[in-house]
Amino acid sequence: MSARLSAAIRDVPDFPKPGIMFKDITPILGQPELFREAVEIFVARHQGQGLGKVAAIDARGFIFGGAVAQRLDVGFVPIRKKGKLPFQTYDESYDLEYGSNTISVHVDAFTPGEKVLILDDLLATGGTAAAAARLVERAGGVVVGLDFLIELTFLPGRQKLAGYPVFAAIAVA
Ligand code: AMP
């Protein structure tokens, strides 16, 4: 748990709707030493693990995912909102408070049995990350971990990801 990173997160109340306390990570991204610290936390955890790909979730996951994949010298796979990826996709839906959301991955994103780290900025209810794990597995990858910069520990995200190694650099209670 990094005190510097934790202190840099900006709480924005009632965004994008009333009752949500948005965790704004742009102050971390804007300071190279903090951005690097965040990236290196993920890199250190997965070096020497035989990873094949880092798969990150649209859109803030991409910011860390690309950097971590480069540092680990592995490929990067974008998991995107449905309708954004140009080639053939697998799609997975999950429930939101109101309605549902669908995310997609290219069908040829992974080689069979390839070890995959899933990255996102924040774990809340876990619906997005669980759908991402299903996508990776449908596309032939093996999920070796789900890493997040921030976990909202008052929500049952981890329960939804039971059976997978879950890591968060910063816990918000
Ligand atoms: P969930 O599926 O509920 O775990 O939500 C995770 C996704 O929603 C992540 O991609 C986050 O970027 C975003 N998210 C959810 N809650 C927040 C929050 N309070 N602050 C910032 N991002 C959030």
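Guide: Start with Asp120. Asp120 is buried yet has no salt bridge. Its nearest side chain of opposite charge is Arg60, 6.3 Å away. Buried means under 20% relative accessible area, exposed means over 50%, and partly exposed is in between (1.4 Å probe, protein chains only). A salt bridge needs a side-chain nitrogen of Lys or Arg within 4 Å of a carboxyl oxygen of Asp or Glu. Lys and Arg count as positive, Asp and Glu as negative; His and the chain ends are not counted.

A word on the source. This is a predicted model, where local features need pLDDT of at least 70 and side-chain atom pairs count only at pLDDT 80 or more, while totals for chains, interfaces and linings use all residues. Residues are numbered from 1 along each chain as its sequence is written, and side-chain values use heavy atoms, with hydrogens and water left out.

Back to Asp120. Asp120 sits in strand E7. Helices (H or I, at least four residues) and strands (E, at least two) are DSSP runs, numbered from the N terminus. Leave aside neighbours within four places in sequence, and Asp120 is in contact with Ile57, Arg60, Gly61, Asp147, Phe148 and Leu149. Contact means heavy atoms within 4.5 Å.

Asp147 from that list does have a partner. Arg45 forms a salt bridge with Asp147, with 3.1 Å between the closest N and O atoms. Arg45 lies in helix H3 and Asp147 in strand E8 (residues 142-152), so the pair ties together parts 102 residues apart in sequence. Asp147 is buried, at 0% relative accessible area. Arg45 is partly exposed, at 37%.

Helix H3 holds another partner, Glu40. Arg71 forms a salt bridge with Glu40, the closest N and O atoms being 2.6 Å apart. Arg71 is partly exposed at 40% relative accessible area. Glu40 is partly exposed too, at 27%.

Next, Lys53 and Glu114. Their side chains meet in a salt bridge (3.1 Å, N to O). Lys53 is in strand E3 (residues 53-57). Glu114 is in the loop between strand E6 (100-106) and strand E7 (115-123). The two are 61 residues apart. Lys53 is buried at 16% relative accessible area. Glu114 is buried at 14%. Elsewhere, salt bridges with shared partners join Glu92, Arg134 and Arg138 into one network.

Now the totals. The structure holds 12 salt bridges. The protein chain has 18 positive and 19 negative side chains, and the centres of the two sets lie 1 Å apart. Each charge is placed at NZ of Lys, CZ of Arg, CG of Asp or CD of Glu.

The protein chain has six helices and nine strands. Its radius of gyration is 15 Å, close to the 16 Å that the globule rule gives for 173 residues, so the chain is as compact as a globular protein of that length. That radius is taken over C-alpha atoms, and the rule is 2.2 Å times the number of residues to the power 0.38. Buried residues make up 46% of the 173. Of the contacts with a separation of 6 or more, 57% are between residues 24 or more positions apart.
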